[in-house]
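Q: I'd like a close look at one part here: the aromatic side chains and their surroundings. Could you walk me through them, with the cut-offs behind each term?

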Amino acid sequence: MSSANWHWKQLDCSKFAKEYFKEKLVGLKVNDELTIEELKECDGDVTLGQRKSKLVTIYDLKIVVEWSVGEQRGRTHVPEVSHEAIDGLDEYVFETTLIKGQADGQFDHIRKEVIPQTLKPIFDQFPVDLREKYGAHVQISQSNTPTPSPAPEAAPAVKKTEKVEVPQQKVSQKGSLNTSTVRLEERYQISADEFFDVLTNKQRVPMWTRAPAEIEPKVGANVVLFGGGVKGKVTDVVPGKKITMDWSLTGGKWPEGHNASLTISLNQGDDSTTAEFILNGVPIGLEEDVQPSLEQYYIKPLKLLFGTVL
């Protein structure tokens, strides 16, 4: 197996996204009636990378347009134009309001049919055109000469912050606490060394957490993930193979002051890496809340980034 095949390079394409959607949307006429007048917002992160000779697009944008038809003028807000929609894991949501004129049957037709049918194909085409325009910029030689992984050419500005928490009242820890263990496992199409770097390099962690991170692969380092939703300290490190950290949630039903222990172990195979997530110290009764959170905030975004092996 060539180590070059595991090489990862990424390019920040956020500026291209704004130019792309402005060109594609502003002035667009639909059925000689509706005209998209203005791109009010196009905010978010867009990165293009290569993994195992495959171009990978990771993006999450908020898009707002204003349109007119006759005497009516409206605004459509699409909160998430994301690679997850292309991957079939999410759907576009079109929030359309009228800012001038009277709501009538025509407006309902525009809101429910014309706008979604007009915007969706453009959103779906975006990653195709992105790869075509910038794919050559991240192509990596397939020679067998190993090369170190470069830092991102332009670190994406993370504007979307998510927290891992259960929306309930905070519970104070009193006395002894009965706990259990949650285990999850997944195989990913990436080398163990690359995987470890993506888990522990604070410049690369936002690629899957979508928020700034504080973490280092050394014992005693602080860990702050998901906008402060997860906090802890690194307690054990085996480079390329394992990292263990104290792990606690902020807010929700998680007992105040209680730390669990999360170990992520990586086992390199011939063409993939098996990642095992073991969370020890989960308070009894919270397993059904914590396991879906681990799947949503760890397993799923890493799957989207690297792909999994069936």
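A: Happy to! Buried stands for a relative accessible area under 20%, exposed for over 50%, and partly exposed for what lies in between, using a 1.4 Å probe and protein chains only. Please keep in mind that this is a predicted model, where local features need pLDDT of at least 70 and side-chain atom pairs count only at pLDDT 80 or more, while totals for chains, interfaces and linings use all residues. Residues are numbered from 1 along each chain as its sequence is written, and side-chain values use heavy atoms, with hydrogens and water left out.

Now to the rings. Rings of Phe, Tyr and Trp (its six-membered ring) pair if their centres lie within 6.5 Å; planes under 30 degrees apart are stacked, those over 60 are edge-to-face, and the rest are tilted. Under this rule there are 19 aromatic pairs. One of them joins Tyr188 and Phe195 edge-to-face, 5.1 Å centre to centre with 80° between the planes. Tyr188 is buried at 0% relative accessible area, and Phe195 is also buried, at 0%. Another edge-to-face pair is Trp247 with Trp254, whose ring centres are 5.7 Å apart and whose planes meet at 80°. Trp247 is buried at 2%, and Trp254 is buried at 3%.

Ring pairs also build a cluster from Phe16, Tyr20, Phe21, Tyr59, Tyr92, Phe94, Phe123, Phe126 and Tyr134.

Helices (H or I, at least four residues) and strands (E, at least two) are DSSP runs, numbered from the N terminus. The buried residues of α1 are Ser14, Phe16, Ala17, Tyr20, Phe21 and Leu25. They lie on the same side of α1 because they cover an arc of only 145° around the axis, the arc being that of the directions from the helix axis to the C-beta atoms. Lys15, Lys22 and Glu23 are exposed on the other side of α1. After α1 comes Gly27, with a positive phi near 90°.
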